[in-house]
Amino acid sequence: MEENIKEVLANFESEIKEATDLDKIEKLRVNYLGKKGEITTLKKSIAKLSKEEKPQAGKLINEASKKIEKALEEKNEEVKANLLKKKVEAEKIDVTAHFDKAHSGHLAVINQTMEELESIFQNMGFDVVEGPEVDTVKYVFDDLNSPKDHPARSTSDTFYINDEILLRPHTSSMQIRVMKECKLPIKMVSAGRVFRNDEVDATHSPMFHQLECLVVDEKVSMANLKATLETFIKEMFGDDMKLRYRPHHFPFTEPSLEVDVTCPICKGKGCPSCGNTGWSMELLGGGMVHPKVLENCGIDSEKYTGFAFGLGVDRIAMVKYGLDDIRLLYDNDKRFIEQF
Ligand code: FA5
């Protein structure tokens, strides 16, 4: 019997060395410890032994059975650990590997310019106000002292939704909103998109951007308007930039003016781009708020005065970056956009 047990153990030990997966280990368990397994067969054969031999044989078989059980358990753990190790290696992520970074975009030039303008005015103590792109005829024209037969109200100049509502052709409607809704004194800027039925050329777009500026208080004068304009232009373009004031007419300001600055291409010397004048295209229109406009908003025009101007944000960007065509700002050419 002892020889038989030794032989079974020896066979088991050589077979378990070869078992490299969980299936083989399970087969070994069945072959040795199962109902018809080697150890079970040995146990059954005890019955044939003599009374004296039985206890010793039983002890040896039990020891062999425990040895096999333990070996199977250890092998099971070993194979499982190996499998896990292989899986982890296969799924390993190399955190040091180089991948192309996601390409993040940035604000368009016009929005950058608008933010820069707003921040300059904020630093000068102005409130920044937002307003609707679709507005009423009353705010866009009527209250701005633009009578019904004024050319600016012609349907060919603007985009009407219906007789009373239109896409705003300028940000000046924000003057009315703020004067009607806010307390005096007023010191505000408001920037955004405006729409006009203008032919596209190098300096005109049917959709462009304006920034409106309005100051209303006691004793506001043309000197305040000029000082504000000069401060902001020099802040935006540098101290060398000069301003040229030209008289103009707007129904909502009196007196009115338009402003150009030194040509950014030739720095005032004269070049084909400025028609040898040394001056840029027109950048803004402004003036002293018309007393009728103040009265339309319930403000005492005997006590209060104000100035206002509206500048073309697109054209400010053109001067700032030396662009000779407004269409560059809208073409979505990556070679252009990525320069900013
Ligand atoms: C106005 O729009 C007046 N609301 C400005 C104003 C405000 C006057 C407050 C008095 C008081 P104007 O039409 O000139 O004015 O336009 C103002 C600026 O917008 C122009 O100087 C120019 O810089 C820009 N601009 C006008 N039309 C276009 C266009 N089609 N494309 C690009 N920029 C334009």
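Helices (H or I, at least four residues) and strands (E, at least two) are DSSP runs, numbered from the N terminus. Keep that in mind, everyone, as we go through this structure together.

It is a predicted model, where local features need pLDDT of at least 70, side-chain atom pairs count only at pLDDT 80 or more, and totals for chains, interfaces and linings use all residues. Residues are numbered from 1 along each chain as its sequence is written, and side-chain values use heavy atoms, with hydrogens and water left out.

Let's start with the overall layout. The chain is assigned domain 1, residues 2–91, and domain 2, residues 109–337; such bounds come from an automatic or database domain assignment. Between the C-alpha centres of domain 1 and domain 2 there are 94 Å.

Now to the ligand. Which residues come nearest to the ligand? They are Ser172, Arg196, Asp198, Glu282 and Leu283, out of 26 residues around the ligand; a residue counts as near if one of its heavy atoms lies within 4 Å. By type, that shell holds eight nonpolar, 12 polar and six charged residues. Here Ala, Val, Leu, Ile, Met, Phe, Trp, Tyr, Cys and Pro count as nonpolar, Asp, Glu, Lys and Arg as charged, and the others, Gly among them, as polar.

Four strands each supply at least two residues of the shell: β5 (207–217), β7 (253–261), β8 (284–289) and β9 (305–312). Of these, β9 gives the most, with four residues.

Next, the polar contacts, where a pair of N or O atoms lies within 3.5 Å. A side-chain N or O atom of Ser172 is 2.8 Å from a nitrogen atom of the ligand. For Ser205, a backbone N or O atom lies 3.0 Å from a ligand nitrogen. Gly312 has a polar backbone atom 3.4 Å from an oxygen atom of the ligand. Taken alone, the ligand exposes 680 Å², and the protein buries 94% of that, using Shrake-Rupley areas with a 1.4 Å probe.

Finally, some backbone details to look for on screen.

How values were computed
A polar contact is a pair of N or O atoms within 3.5 Å; within protein, one must be able to donate a hydrogen and the other to accept it, and residues adjacent in sequence count only if both atoms are side-chain atoms.
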